[in-house]
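Morning, everyone. I have one structure to walk through.

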Amino acid sequence: MQILQENRHTAQQLANYFQTTLKEILEDLEHIQKSIKPKKLKIEPSFCKSCNFVFKERGKVSKPSKCPRCKSEWIEAQMFFIE
Ligand SMILES: [Zn+2]
């Protein structure tokens, strides 16, 4: 939780950092979301690094594999942080 207050991280980076699975991280994030009030867990949406298309309506599970606009697979995963 601490590191989310200092910086933005993707779920994958958190999984690497805590040496756990992506699934576990996502469950933890949901839990954190409820327990950090009045602070908030924010999610910066995934976006295409090629054309800057933003994936707004995405659930929090996995990152999209392709950009619907330019078909690029150069996608930045969503970032989590606490504010
Ligand atoms: Zn694109």
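In what sense do strand 2 and strand 5 pair, and over how many bridges? They pair antiparallel, over 4 bridges, with strand 5 covering residues 79-82. Two strands count as paired when DSSP finds at least two bridges between them.

Some ground rules. This is a predicted model: local features need pLDDT of at least 70, side-chain atom pairs count only at pLDDT 80 or more, and totals for chains, interfaces and linings use all residues. Residues are numbered from 1 along each chain as its sequence is written.

Ile-43 stands opposite Phe-80 of strand 5.

Now the whole chain. It has 3 helices and 5 strands. Those are DSSP runs, numbered from the N terminus: helices are H or I, at least four residues, and strands are E, at least two. The pattern along the sequence is α-β-α-α-β-β-β-β. The C-alpha trace spans about 40 × 25 × 20 Å along its principal axes.

The cut-offs are 20 or more for buried, 12 or fewer for exposed, and partly exposed in between, with C-beta atoms placed from the backbone. Buried residues make up 11% of the 83 in the chain. His-9 and Gln-78 are 69 residues apart in sequence, yet 8.2 Å apart in space, C-alpha to C-alpha.

Note on methods
A residue is buried if 20 or more other C-beta atoms lie within 10 Å of its own, exposed if 12 or fewer, and partly exposed in between; C-beta atoms are placed from the backbone.
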